[in-house]
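I opened the notebook for a new structure today. I wanted to look up the surface, the rings and the fold, in that order.

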Amino acid sequence: YPDGIAGWTFQGNASKNVVDIVLPDGTAPGAKVWFTAFWFNNRKQSSPNTDPVSTNVQGGGVSMAA
């Protein structure tokens with residue numbers, strides 16, 4: 001997994017167990033991506049992040065039609 005914070009992109013906060021992750025246009029099919037998460041509460045407390053897990057992109061990035 002990426003070393004240091006520069007190799008990670010924050011995707012936002014979520015209040016559900018399932019979230020959509022938007023990959024950048026041009027993400028190559030088969031590219032390895034890494035995910036980690038942590039909880040954050042109303043008192044602005046957070047947990048340590050989870051162990052990173054990886055997956056491979058199945059179809060690459062998809063551009064939205066205008």
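Which residues form a nonpolar patch on the surface? I found V19, I21, L23, F35 and V53. Together they have about 370 Å² of accessible area. I noted the rule for patches: residues have over 30% relative accessible area and no salt bridge, with like charges joined within 9 Å and nonpolar side chains (Val, Leu, Ile, Met, Phe, Trp, Tyr) within 5 Å. A salt bridge is a side-chain nitrogen of Lys or Arg within 4 Å of a carboxyl oxygen of Asp or Glu. Accessible areas come from the Shrake-Rupley method with a 1.4 Å probe, and for residues only the protein chains shown count as cover.

Before going on, I wrote down the basis. This is a predicted model, where local features need pLDDT of at least 70, side-chain atom pairs count only at pLDDT 80 or more, and totals for chains, interfaces and linings use all residues. Residues are numbered from 1 along each chain as its sequence is written, and side-chain values use heavy atoms, with hydrogens and water left out.

I looked up L23 next. L23 sits in the segment before β1 (32-35). L23 counts as partly exposed because its relative accessibility is 30%. The classes are buried (under 20% relative accessible area), exposed (over 50%) and partly exposed in between, with a 1.4 Å probe and protein chains only.

Then the rings. I found one aromatic pair in the structure. The ring centres of Y1 and W34 are 5.9 Å apart and the planes stand at 70°, so the pair is edge-to-face. Y1 lies in the segment before β1 and W34 in strand β1, 33 residues apart, so the pair links distant parts of the chain. For the cut-offs, rings of Phe, Tyr and Trp (its six-membered ring) pair if their centres lie within 6.5 Å; planes under 30 degrees apart are stacked, over 60 edge-to-face, the rest tilted. Y1 is exposed at 59% relative accessible area, and W34 is partly exposed at 29%.

Is S47 buried or exposed? S47 is buried, at 14% relative accessible area. I placed S47 in the loop between β1 and β2 (53-56). A polar atom of its side chain lies 3.1 Å from the backbone nitrogen of W39. Setting aside neighbours within four places in sequence, S47 is in contact (heavy atoms within 4.5 Å) with F38 and W39.

Last, the whole protein. I counted zero helices and two strands; strands are DSSP runs (E, at least two residues), helices H or I, at least four, numbered from the N terminus. Buried residues make up 9% of the 66 residues.

Key
Polar contact = N/O pair within 3.5 Å; in protein donor to acceptor, adjacent residues only side chain to side chain.
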